[in-house]
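Look over the sequence and the model below. Then read on, section by section, with the model in view.

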Amino acid sequence: MKADLHCHTHLSDGQHTPAFVIERARANLVTHLAITDHDVSQALPQAMGYQDLKLINGVEISCLWEAFEIHIVGLFVDPTNTHLQTLLSTQQVRRRERVAQIDAKLTALGTAGLLPNLLAKPAVALTRSHVADFLVANNVCKNRQKAFKTYLNRSGKLFVAAQWCDHTEATRAIKAAGGIPVLAHPGRYAMNKTKLNRLLECFTAAGGEGLEASYPNIAPDMNQYLMRLAVEHGLYLSTGSDFHDAAAHWTDVGKFPTLDRAAAQRGIWHHPTWEQHDNTQPPARLKTL
Ligand code: AMP
Ligand code: MN
Ligand code: MN
Ligand code: MN
């Protein structure tokens with residue numbers, strides 16, 4: 001089994017179509033693929049009836065815990081669920097409003113046309129990555145990294161604070177849609193261990209059930225640490241590439257360190273919801289959870 005449960009398409013800030021990502025997953029021998037675009041979820045073409053690849057409907061919701069922006073992935077969500085779609089469309093509107101505000105600031109600096117340019121793209125959720133690409137295309141800066149550093153980060157000239165939902169709302173909407181809430185890339189938040197522990201207490205109290213324990217460039221000691229946190233908080237472990245772009249060589253669909261034997265025992269594929277949806281290989285139940 002190779003489960004890539006976190007990746008993006010051009011419906012948010014990925015560069016490729018869902019069909020491209022699915023074909024890449026098949027080429028890379030991924031057995032289970034969840035497309036988890038930022039604040040957008042749409043049904044994957046299950047009807048295509050792949051024998052070698054199980055497709056899982058997913059989403060990655062930007063939300064707030066205390067003053068921190070965190071990301072919660074939802075796996076096995078029903079994309080037609082009204083509760084979930086109401087939350088996602090609110091987030092999408094807020095994303096467009098944020099781009100409009102950035103557009104006003106950028107126009108004042110002498111470059112017009114950001115919002116119409118982004119609205120013409122296939123993206124349903126407009127992100128700062130799209131803004132960064134526009135800045136590069138219009139010679140405002142040399143590359144994406146500079147665009148974030150000089151313009152889009154908290155101290156940047158075009159920074160506009162995002163208005164995300166609370167983490168409890170994100171978890172509730174994922175569960176209302178029949179999904180499993182998973183805390184995305186816990187090692188990437190700028191918080192110390194005490195804070196991360198508090199976040200996990202709040203996340204599990206709100207209904208969170210998993211955390212990502214393997215993603216590209218994760219340090220081996222972080223791997224072990226996240227495993228311990230999962231045991232302490234009774235969470236399943238998830239894995240994913242956070243793939244956005246085939247031109248970015250630091251990651252690819254299906255590319256992340258495999259969980260060791262002990263960690264795989266807590267794999268999210270042991271979750272009862274997974275068993276309900278996955279008739280390809282029913283796994284043994286996890287005894288310790
Ligand atoms: P947003 O959710 O609109 O704030 O956009 C965040 C997205 O921008 C993330 O999902 C990343 O894909 C991308 N991103 C964030 N920080 C950077 C950075 N420093 N360099 C390049 N991409 C970034
Ligand atoms: Mn992204
Ligand atoms: Mn993320
Ligand atoms: Mn992501």
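## Two buried residues to start

His6 is buried, and Glu60 is buried too. Buried means under 20% relative accessible area, exposed means over 50%, and partly exposed lies in between, with a 1.4 Å probe and protein chains only.

This is a predicted model, in which local features need pLDDT of at least 70, side-chain atom pairs count only at pLDDT 80 or more, and totals for chains, interfaces and linings use all residues. Residues are numbered from 1 along each chain as its sequence is written, chains are lettered from A and ligands numbered from 1 in the order in which they are written, and side-chain values use heavy atoms, with hydrogens and water left out.

## The manganese ion (ligand 4)

Which protein donors hold the manganese ion (ligand 4)? They are His6 (NE2), His8 (NE2), Glu60 (OE) and Asp242 (OD), lying 2.1 to 2.3 Å from the ion. Donors are N, O and S atoms within 2.8 Å of the metal (3.2 Å for Na, K and Ca). Water is not among the atoms, so sites may look incomplete. Along the chain the donors of this ion follow the spacing H-x1-H-x51-E-x181-D. His6 lies in the loop between β1 (3–4) and α1 (18–27), and Glu60 lies in strand β3 (residues 54–65), so the pair ties together parts that are 54 residues apart in sequence. Helices (H or I, at least four residues) and strands (E, at least two) are DSSP runs, numbered from the N terminus.

Asp242 sits in the loop between β8 (236–239) and α9 (261–264). Asp242 is buried, with a relative accessible area of 8%. Most residues other than glycine have a negative phi. Asp242 has a positive phi, near 55 degrees, and is not a glycine.

## The manganese ion (ligand 2)

The manganese ion (ligand 2) is 4.7 Å from the manganese ion (ligand 4). What coordinates the manganese ion (ligand 2)? Asp13 (OD), His38 (NE2) and His244 (NE2) do, at 2.1 to 2.2 Å. The spacing of these donor residues in sequence is D-x24-H-x205-H. Asp13 lies in the loop between β1 and α1, and His38 in the loop between β2 (32–35) and β3, so the pair ties together parts that are 25 residues apart in sequence. Asp13 is buried, as is His38.

Asp39 also has its place in the loop between β2 and β3. Asp39 counts as buried, at 0% relative accessibility. Leaving aside residues up to four places away in sequence, Asp39 touches several residues, including Glu60, Arg95 and Trp164. Contact means heavy atoms within 4.5 Å.

## The manganese ion (ligand 3)

The manganese ion (ligand 3) is 5.9 Å from the manganese ion (ligand 2). Glu60 (OE), His71 (ND1) and His185 (NE2) coordinate the manganese ion (ligand 3), at 2.1 to 2.3 Å. Their spacing along the chain is E-x10-H-x113-H. Glu60 in strand β3 and His185 in the loop between β6 and α7 link distant parts of the chain, 125 residues apart.

Is His185 buried or exposed? His185 is buried, with a relative accessible area of 8%. Its loop runs between β6 (180–183) and α7 (193–205). His185 has a positive phi of about 25 degrees, although it is not a glycine.

Glu209 is found in the loop between α7 and β7 (210–214). Glu209 and Tyr236 are 27 residues apart along the chain, and their C-alpha atoms are separated by 6.2 Å. Not counting residues up to four places away in sequence, Glu209 touches Tyr236, Lys175 and His271, among others.

## The whole chain

The chain has ten helices and eight strands. Its radius of gyration is 19 Å, close to the 19 Å that the globule rule gives for 289 residues, so the chain is as compact as a globular protein of that length. The radius is taken over C-alpha atoms, and the globule rule is 2.2 Å times the number of residues to the power 0.38. The C-alpha trace spans about 60 × 45 × 35 Å along its principal axes.

Buried residues make up 53% of the 289 residues. Among contacts with a separation of 6 or more, 67% are between residues 24 or more positions apart.
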